[in-house]
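I opened this notebook to keep track of what I look up in the structure, one topic at a time. Each entry records what I checked and what came out.

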Amino acid sequence: MSLKQNLHNLKEKYKGTKMAPAFNAIHTFLYMPNDVTHGGTHIKAADDLKRTMNMVILALIPCLLFGMFNAGYQHYAAIDSSLRDNVLTNFFTFDNFWIGIIKVLPLVIVSYGVGLGVEFIFAIIKGHEVEEGYLVTGMLVPLIVPIDTPLWMLSIAVIFGVIIGKEVFGGTGMNILNPALTIRAFLFFAYPTWMSGDKVWVYDAVNRAGTADAISGETILGSYAQNQEVIYSNWDKFMGFIPGSVGETSTFLILIGAAFLIFTKIGSWRIIVSTFMGAAVMGLIFNQIVAADIITSSSKFYGLMHTAWYEHLMIGGLAFGAVFMATDPVTASQTNKGKWIYGFLIGFMSIMIRVFNPAYPEGVFLAILLMNVFAPTIDHYVVQGNVKKRLNRTKLKTA
Amino acid sequence: MALLSKKDAGLLTDPLTDNNPITVQVLGICSALAITAELKASIVMALSVMAVLALGNVAISLLRNIIPSKIRIIVQLVVVAALVIIVDLILKAFSYELSKTLSVFVGLIITNCIIMGRFEAFALGNGPWKSFLDGIGNAAGYGLILVIVGFFRELLGSGTLLGFKVLGDPIEKTGLYAIGYENNGFMLLSPMALIVLGIIIWIQRSRNKVLIEEN
């Protein structure tokens, strides 16, 4: 008997009991359901929620694999900086990937295990079907945390994020805030020492701190915030051979993911483009302020304000946030005009928070969460504006 | 004969559960968020509010027939302000450190909606003994939530309870800290107090049959 048949039998057996949603979820996740809708005419589309989610996961896979290599590469390069002279030969090695396997895979497994566990428990208590919303969140979470994040912290954050960020609002599709970013924000506010500084971004740097083998892995933004120069070239920054959260360093692969999402019409190109535009505008404003000598090199904001606007687009989590977080269809604006405003403000505020935040030189997740809250308001005014325009048109006609 | 009639006992126990001033009436949230980072401060705040509310209720109840209704709010404010100043001075005299932690929030008991609410809703229409019980009951309901929130925030945020290091020493790495546990800094921030409060309301509303609303 095939697995499908087995699952189907189990599903029938538990039908009507409390455990039914759990078996249903496993069954429909792996296979097409046996029974299709009867009667009437139906428009059939291949992209149900599960397929949509799977497309986003596919777009994230390159970032994950790159992040696994990068985990090892940053570790070894921090010990022996000569590795950086020949990136391409030293990057795709099995040693690098092995560190990725032992450090990144547990993050993925814990994120999925805990998150889906919470989803299943809620589905069983509330008696609804298990929703697929966590499939993408579970993949996003390991990519946006520092590599050395302890697993128990991640578990607590995931439980918090799924319950407070999503389930209290009624589950997938009803949430105001992006759950993955809620998890990231919880980690940031709860355990700041594990989320910022120059030790957490490179594997093993925390354990080695204070010993003779100490290594440092300050992010580019962290160095700029302290008015220091960095050793990475623009090529490194674009391709992602830099320290940072697990999967957000490679702007190149993120853009490939973006192309894929736009091609499959899952991600909104309006949001992606306008986010980059907003960030570029804010970066240019800061560049002009520096060029006008309003901020001199003695200011603590000089380093980040001085950073060229196109560099701002490549470093930090901006590209990842713009492509994979801001475009979340549930929490973003729904109207086309609203999407432009929403994305632009995300980019604009990301760079502003990045420059002015004294505790942590990055603001993409805060900017996106803030705009998540404002997205319905933006939509409301866009719709009202349209209503008014149409009313005026009818008035003109009748007059 | 019981010490209290059934109705009087209800005055004491209702505010603890079905008619809790914080979780059901959603009053007095401000101070519940501000001062609950430590359990000790929560307890002292609860006791201060209890003293002010019980004595204030009695005073308003005694004066209820001679207060002209047009100026009753002013009279209530005078009564509560006088009591708050007394509480503030007592705190300053006997536990100066704590009164510094509570800082302005003792003074702000004046603006605590629960107090004016009980004066208006209860003390103006009932006798002094009932008003006294009502004051104790409502302040206890308020204090109960404060203590619960304070308990979790101090335990998870600082790893202590009433200042005792119950989870071990974070610097010496003893107890739970030896296996890598860390304090949750978010718990010490006010937003987390709101979330803890929300969770308490959530649990209460889903368990208490009286409070479940029709959709």
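**Entry 1: standing of the model.** I note at the outset that this is a predicted model, and I read every value below as computed from it.

**Entry 2: chain A as a whole.** I looked up the secondary structure of chain A and found 19 helices and zero strands. Its radius of gyration is 23 Å, close to the 21 Å that the globule rule gives for 399 residues, so I put chain A down as being as compact as a globular protein of that length. Along the principal axes, the C-alpha atoms of chain A fill a box of roughly 75 × 70 × 35 Å. I then checked burial, and 46% of the 399 residues of chain A count as buried. When I took the contacts in chain A between residues at least 6 apart in sequence, 73% of them turned out to join residues at least 24 apart.

**Entry 3: chain B as a whole.** For chain B I found nine helices and zero strands, and from the N terminus on I wrote the elements down as α-α-α-α-α-α-α-α-α. The C-alpha atoms of chain B fill a box of roughly 65 × 50 × 40 Å, again taken along the principal axes. Of the 215 residues of chain B, 35% count as buried, and among the contacts in chain B between residues at least 6 apart in sequence, 76% join residues at least 24 apart.

**Entry 4: where the chains touch.** How many residues of chain A are in contact with chain B? I found eight residues of chain A in contact with eight residues of chain B. On the side of chain A that touches chain B, helix 8 (residues 179-190) of chain A gives the most, with three residues. I sorted the residues of that side by type and got eight nonpolar, no polar and no charged.

**Entry 5: the nonpolar cores.** Which residues touch the most other members of the largest nonpolar core? In this core of 144 residues they are A:Leu187, A:Val323, A:Ile368 and B:Val52. Helix 3 (residues 49-79) of chain A supplies the largest share of this core, 13 residues. I also listed the contacts of A:Ile368, leaving aside its neighbours within four places in sequence, and they are A:Asn178, A:Leu181, A:Gly321, A:Met325, A:Ala326 and A:Ile346.

**Entry 6: a helix pair in chain B.** I took up helix 3 (residues 39-63) and helix 4 (residues 72-94) of chain B, which pack at an angle of about 145 degrees with their axes 9 Å apart. The crossing of helix 3 of chain B past helix 4 of chain B is right-handed. From helix 3 of chain B the contact takes in residues including B:Val52, B:Leu55, B:Gly56 and B:Ala59, and from helix 4 of chain B residues including B:Val79, B:Val80 and B:Leu83. By type, the residues of this contact between helix 3 and helix 4 of chain B divide into 12 nonpolar, three polar and no charged.

**Entry 7: positive phi.** I kept in mind that most residues other than glycine have a negative phi. A:Lys265 has a phi near 60 degrees, a positive value in a residue other than glycine, and is found in the loop between helix 13 (251-263) and helix 14 (269-291) of chain A. Is A:Lys265 buried or exposed? With 11 other C-beta atoms within 10 Å, A:Lys265 is exposed. B:Val26 has a phi near 50 degrees, likewise a positive value in a residue other than glycine, and lies in the loop between helix 1 (6-13) and helix 2 (29-34) of chain B. B:Val26 counts as exposed, because it has 12 C-beta neighbours inside 10 Å and the cut-off for exposed is 12 or fewer.

Entry 8: A:Ala225 has its place in helix 11 (residues 220-225) of chain A and is buried, with 22 other C-beta atoms within 10 Å. The C-alpha atoms of A:Ala225 and A:Lys300 are separated by 7.2 Å, although these residues are 75 residues apart along the chain. Leaving aside neighbours within four places in sequence, A:Ala225 is in contact with A:Gly303, A:Leu304 and A:Pro361. A:Phe97, found in helix 5 (residues 94-126) of chain A, is partly exposed, with 17 other C-beta atoms within 10 Å. Not counting residues up to four places away in sequence, A:Phe97 touches A:Met68, A:Phe69 and A:Gly72.

Methods:
Residues numbered from 1 in each chain as written. Chains lettered and ligands numbered in written order. Predicted model: local features only at pLDDT ≥ 70, side-chain atom pairs only at ≥ 80, totals over all residues. Contact = placed C-beta atoms within 7 Å. Helix = DSSP H or I, 4+ residues; strand = E, 2+ residues; numbered from the N terminus. Nonpolar A, V, L, I, M, F, W, Y, C, P; charged D, E, K, R; others polar. Rg over C-alpha atoms; globule rule 2.2 N^0.38 Å. Buried ≥ 20, exposed ≤ 12 C-beta atoms within 10 Å, placed from the backbone. Core = buried A, V, L, I, M, F, W, Y, C linked by C-beta atoms within 7 Å. Axes fitted to C-alpha atoms, helices over the stretch in contact; angles between N-to-C directions. Left-handed = near helix turned anticlockwise from the far one by under 90°.
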